[in-house]
Amino acid sequence: MADGSGPPDGHWFNPVATFLGPAYLRNAFTKGTVQEVDFLVDALALAPGMQVLDAGCGPGRHALELARRGIAVVGVDVSADFLALARAAGADLPVEFVEADVRDLDYDSAFDAVLCLCQGGFGLLGGDDRELDVVGRLAAALRPGGRLALSAFSAYFAVRQLEPDETFDADRGVDHERAVVRDAAGVERTFDLWTTCYTPRELRLVAARAGLVVDGVFGVTPGAYARTPPSIDVPEHLLLARRPAGDGVSLQPGDL
């Protein structure tokens, strides 16, 4: 945001991704990919040959794991550096990586399931309601009967665990921190990070506005996805929703 109350306009996370490179995958929260995909395959009723969109895929850890299981995946991210890592790891897999902003997605009834995980393209938008349009675009990308899995950082947890170097914008629901990150060579640098946080009720309302049927919102920890009720002590919420099976009308995200 240009007014100084949130992240600057544009792709503010790209310099962080460029600096981190492969070191991003050293973070503890990236180590539970197999368990997360195990859960998602069951929750979304995925099977080999199905087509999945991974929106905000980063270096592609979920997309690649799904592709290893015979699922055709399109991963979309705005970071060219992260996509280069993903493409290098997925050269022999049924996965395609596309450089694009999730705010510009224009798929129409193209996928059996859509993922938007680890704040990818959803928690980084700045809290000014652009996520309403993004979820509309994710819904439009689903075939009738298709399913969505979307994770978001918990506003309850963010406030409860607020560190001295963090601030929380209660109006927009945005957590701001000055974080020291380390690249693959061990060089440290400090970045401003803004994460939009949500309550389960907000996620249900956003999904309903996009025409989705909510199957549940669960409290999850990276690497420990489960159908557990939301809690103020759990860092993320996981929304599971679906496009109605009888919905044959082309959804128009801009009208949502």
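Let me open with A45, which is partly exposed, with a relative accessible area of 41%; in that scheme buried means under 20% relative accessible area, exposed over 50%, and partly exposed in between, with a 1.4 Å probe and protein chains only. Phi of A45 is near 55 degrees, a positive value in a residue other than glycine, and A45 is found in the loop between α2 and β1. Helices (H or I, at least four residues) and strands (E, at least two) are DSSP runs, numbered from the N terminus.

Before going on, a word on the source: this is a predicted model, in which local features need pLDDT of at least 70 and side-chain atom pairs count only at pLDDT 80 or more, while totals for chains, interfaces and linings use all residues. Residues are numbered from 1 along each chain as its sequence is written, and side-chain values use heavy atoms, with hydrogens and water left out.

S109 also has a positive phi in a residue other than glycine, near 50 degrees. S109 sits in the loop between β3 and β4 and is partly exposed, at 27% relative accessible area.

Now the chain as a whole. The protein chain has seven helices and 10 strands, and its C-alpha trace spans about 50 × 40 × 35 Å along the principal axes. With 256 residues, a compact globule would have a radius of gyration near 18 Å, and the 17 Å of the protein chain agrees with that; the radius is taken over C-alpha atoms, and the globule rule is 2.2 Å times the number of residues to the power 0.38. Buried residues make up 50% of the 256 residues. If we take contact to mean heavy atoms within 4.5 Å, then among contacts between residues at least 6 apart in sequence, 67% join residues at least 24 apart.

What does helix α3 pack against? Seven of the eight residues of α3 (residues 61-68) are buried, so this helix is largely enclosed by the rest of the structure. Those buried residues are R61, H62, A63, L64, E65, L66 and A67, and they pack against α2 (33-43), β1 (51-55), β2 (72-77), α4 (80-89), β3 (95-99) and β4 (111-116). Just after α3, G70 takes a positive phi of about 85 degrees.

Rolling a probe the size of a water molecule over the atoms shows where empty space is left. On a 1 Å grid over the protein atoms alone, a cavity is a set of points where a 1.4 Å probe fits but cannot get out, a pocket is an open set with protein on both sides within 12 Å along at least five of seven lines, and lining residues have an atom within 4 Å of a point. Grid points are joined across faces, edges and corners, and a volume is the space filled by probe spheres set on the points.

A search of the whole structure finds one cavity of 30 Å³ or more, and about 40 Å³ of space lies in the largest cavity.

At least two lining residues come from each of α5 (130-141), β8 (188-198) and α7 (200-209), and the lining divides into six nonpolar, three polar and five charged residues.

Rings of Phe, Tyr and Trp (its six-membered ring) pair if their centres lie within 6.5 Å, with planes under 30 degrees apart counted as stacked, over 60 as edge-to-face and the rest as tilted. W12 and W194 form an edge-to-face pair, 5.3 Å centre to centre with 85 degrees between the planes. W12 lies in the segment before α1 (14-20) and W194 in strand β8, so the pair ties together parts that are 182 residues apart in sequence. W12 counts as buried at 12% relative accessibility, and W194 is buried at 14%. The rings of F153 and F157 have their centres 5.8 Å apart and their planes at 85 degrees, so this pair is edge-to-face; F153 is partly exposed at 22%, whereas F157 is buried at 17%. Finally, ring pairs link W12, F13, Y24, F82 and W194 into a cluster.

Key: Ala, Val, Leu, Ile, Met, Phe, Trp, Tyr, Cys and Pro count as nonpolar, Asp, Glu, Lys and Arg as charged, and the others, Gly among them, as polar.
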